[in-house]
Amino acid sequence: MKMSKAKREALIGYMLVLPWIIGFLLFMAYPLFFSLYMSFNKVAITPYGIETTYLGWGNYKDAFLTDPEFMQKLLLFVKSTLVMIPIVIVFSLFVALLINQPIRGRQFFRAIFFLPVVITSGEVVQELFAQGAATIPLMDESGVIAYLENNLPTAWSDPLVDIIKRFILILWYSGVQILIFLAALQKVNTQVYEAAAIDGASPWVIFWKITLPEIKPFILVNLIYTTVDLFTNTSSDVIKLIQDNMFQVGTGFGYSSALAWIFFAVILAVLLIVAWFFRNREKTAYAGSGR
Amino acid sequence: MRDSPAAQSRTWKETDWRKKARLWTDRAKRLMWGRQGNDGLMLKTAVYALLVIIGFVYVYPLLFMVSQSFKSLEDLLDPTVGWIPRRVEWNNYVQAWNVLHYMKALGTSLLVSVLPAVAQTVSCAIVGYGFAKYRFPGKPILFALMMITFVVPKQVVMIPMFLLFKQYHMLETPLPFIVPGLFAQGLRGALFVLIYVQFFRTIPDALEEAASIDGAGALKTFYRIILPISVPAIVVVFLFSMVWHWNETYLGSLYLGNAMSTLPQELKTFNDAFKAMYTGGAKVTDVNEAIRMAGTLLIVLPLLILYLFAQRYFTQVVDKTGLTGE
């Protein structure tokens, strides 16, 4: 039996991806559908099972028009997150570049910089917050916050102050990104650097002309990861609101599903903007790497 | 003044001195900024200073935890006691150990973190390879669908998932974490696929073409050629997957119910458990921060140990494969 090369390639491709397709059908498709369906219903969980009454767009209307908290929290959250994303990316790239240098004790420094990946998720972070280990006292004392509050319109000073207050948190949340960037930097061919240095390129030029284009695919990964991580981690206000609504008798699971889907739409919109922004500059690199 | 011979000799001296000075400043400059690249002293100092400052911010919570966890009640209340406690209170750890039911909870934690991590590391690599290196109809749609599953907040699908696992009779076992992991799903499965995809894409196609000319099939190429040079990606995925499963308390309490309890879950009920265990006794009345911190540290400890090993392995391997550039 002989197949054309393209056909055989497609077949092998399907075989490799097949586990994911099966998994998606078994564990993802139904819950997604179910939750979407619930968001159009009023849901009451009773001892006899789940009772639903069809509401149409009612839940969504409530979210936008009657809920006093949701829109306000959503807007503030989106704003501060949009500012945070580039900070995290630039910071993590910066640190990754630093610990990729031939410095003494870089094993030691690397070990330190990936530490947050291990310790700062879930319960432990909350514990540290409760104990006050996650704030910088210096920021309050130096009056930066007061300065911002006095000199900017509140629409922008609020998210900025929010960021400053969570600055340590921002640093901690970039552990994963640093790791991904470092792995990417390690893949860059060192001979290219040597050749560029011999040709007299300064480190500055080398960074912009060689390093950055080489690690571009990983910047996209990090952008996506950061966006999703910041939006969906359990310490975000909107997620908290959704979780609170889930078990409330008055609003119930249907309403919280609707909120979650709205939130999902917002995240998707942000991601699409990020991806679009990225694609325009990156078309050639993409076409070159995909087979 | 300029014409007098004495003055002339002085200007000579001056230029001589200037030459010398320039020589020295040049040397100093070279020492500070380096001839090229980043071997200058100034830059080096700046780099180290930055590393130390940022590093401190990162280690701070850990230091804080360690310091607090050894304090006795008097030290906690005494504001003159800073970082170093007057008396090392080991008892905090003993109590925390008991309250957490440490060995039992550690077993559960390992079960619901190592097994799913292994499953995800393997399955996501295979799927990622398919997405990265093969062309087939419908690939963009499948890929987009996968990205969507990554973006969906887990709160959206949590309750339907719960009902689903109930139907499959998987509740109160670690299976809800392991089985989806086998199919490249599960906790952030899509992200792991994405990491692999981006990693495999940087591997030049020529490598696989060479293997196929030598008569290796797709599977063999993947197993013998691709995987060995992908160790950094594999280590990263495994580490992330394990850590995230370890720290997942929300889904954990949902799926495991009361049948099993992981270490972070024990921390959630720490206060109540402590009261039930110790308030009956004579000396201790209430849980204090030091004991909670000791408990927190005990929970992160296995991860830290794993991390110490993985980290060493990670940087070594990364350096080794990174040097060849492939």
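1. Over which residues of chain B does the pLDDT stay under 50, and how many contacts beyond four places in sequence does the model have for them? The stretch is residues 317–326 of chain B, with 19 such contacts. Here pLDDT is the predictor's confidence in each residue, from 0 to 100, and two residues are in contact if their C-beta atoms, placed from the backbone, lie within 7 Å.

2. This is a predicted model, in which local features need pLDDT of at least 70 and side-chain atom pairs count only at pLDDT 80 or more, while totals for chains, interfaces and linings use all residues. Residues are numbered from 1 along each chain as its sequence is written, and chains are lettered from A and ligands numbered from 1 in the order in which they are written.

3. The model has an ipTM of 0.76 and a pTM of 0.78. Chain B has an average pLDDT of 79, with 84% of the residues scoring at least 70. Within chain B, confidence is lowest in helix α1 (residues 5–33), at a mean of 68, and highest in helix α5 (residues 102–133), at 92. Helices (H or I, at least four residues) and strands (E, at least two) are DSSP runs, numbered from the N terminus.

4. For chain A the mean pLDDT is 77, and 79% of its residues reach 70 or more. Confidence in chain A is lowest in helix α7 (residues 137–141), at a mean of 56, and highest in α1(A), at 89. The pLDDT is below 50 over residues 283–291 of chain A, a stretch with 7 contacts in the model beyond near neighbours in sequence.

5. Chain B contains 16 helices and 0 strands. Of its 326 residues, 39% are buried, that is, 20 or more other C-beta atoms lie within 10 Å of their own; a residue is exposed if 12 or fewer do, and partly exposed in between, with C-beta atoms placed from the backbone.

6. In helix α6(B), Leu142(B), Met146(B) and Thr149(B) are buried. Seen down the helix axis, the buried residues of α6(B) fall within an arc of 55 degrees (taken from the directions from the axis to the C-beta atoms), so they line one face. They pack against α1 (5–38) of chain A together with α9 (189–201) of chain B. The face turned away from the buried side carries the exposed residues Pro140(B), Ile141(B) and Ala144(B).

7. Between the chains, 79 residues of chain A are in contact with 81 residues of chain B. On the chain A side, α1(A) supplies the largest share, 20 residues.
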